[in-house]
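Please look at the sequence and the structure first.

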Amino acid sequence: YKNRKKWENPDIRKILSVIPGTVIKIHVKENQKVKEGDLMMILEAMKMMNLILVHIDGQVKTIHVKEGEKIPKGFLMVELKKLLI
């Protein structure tokens, strides 16, 4: 139990991969404003094309992946800035 990763309260501005896979296409750019439901990227995992959608309105702060990159589960893909309206 000492080697177990400590639980942290999830940050809704950080988008993590839920399955290992390969980034096929990135549809957003840094500093782009996005709305909930917009297509962010396509991740190929287990021969399936998974659409990664934006889950909150905001602005793309940082993109941590590149097209063609293989990523593990739990990898930080994108950080968002939540817009205060």
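## A nonpolar surface patch

Leu39, Leu51 and Leu53 make up a nonpolar patch on the surface, and together they have about 260 Å² of accessible area. A patch is built from residues with over 30% relative accessible area and no salt bridge; nonpolar side chains (Val, Leu, Ile, Met, Phe, Trp, Tyr) are joined within 5 Å, and like charges within 9 Å. Accessible area comes from the Shrake-Rupley method with a 1.4 Å probe, and for residues only the protein chains shown count as cover.

Leu51 belongs to strand S5 (residues 48-53). Strands (E, at least two residues) and helices (H or I, at least four) are DSSP runs, numbered from the N terminus. Leu51 counts as exposed because its relative accessibility is 55%; exposed means over 50%, buried under 20%, and partly exposed in between (1.4 Å probe, protein chains only).

## Basis of the model

This is a predicted model: local features need pLDDT of at least 70, side-chain atom pairs count only at pLDDT 80 or more, and totals for chains, interfaces and linings use all residues. Residues are numbered from 1 along each chain as its sequence is written, and side-chain values use heavy atoms, leaving out hydrogens and water.

## The sheet

Four strands form an open sheet in the order S1-S8-S6-S3, with antiparallel pairing. Its edge strands, S1 (14-16) and S3 (33-34), each pair on one side only. Two strands pair if DSSP finds at least two bridges between them.

Strand S6 (residues 58-63) and strand S8 (residues 76-82) are joined by five bridges in the antiparallel sense. In S8, Lys82 is the bridge partner of Gly58.

## Salt bridges

Side chains of opposite charge can pair when their charged atoms come close. A salt bridge is a side-chain nitrogen of Lys or Arg within 4 Å of a carboxyl oxygen of Asp or Glu, and by this rule there are two.

Arg13 pairs with Asp11, with 3.1 Å between the closest N and O atoms. Glu67 and Lys25 form a salt bridge at 4.0 Å, N to O. This pair links distant parts of the chain, 42 residues apart: Glu67 is in the loop between S6 and strand S7 (70-71), and Lys25 is in strand S2 (residues 21-26). Glu67 counts as partly exposed because its relative accessibility is 45%.

## The nonpolar core

The largest nonpolar core has 18 residues, of which Met41, Val65, Met77, Val78 and Leu80 touch the most other members. Such a core is a set of buried Ala, Val, Leu, Ile, Met, Phe, Trp, Tyr and Cys residues joined through side-chain atoms within 4.5 Å. S2, strand S4 (39-45), S6 and S8 each give two or more residues to this core.
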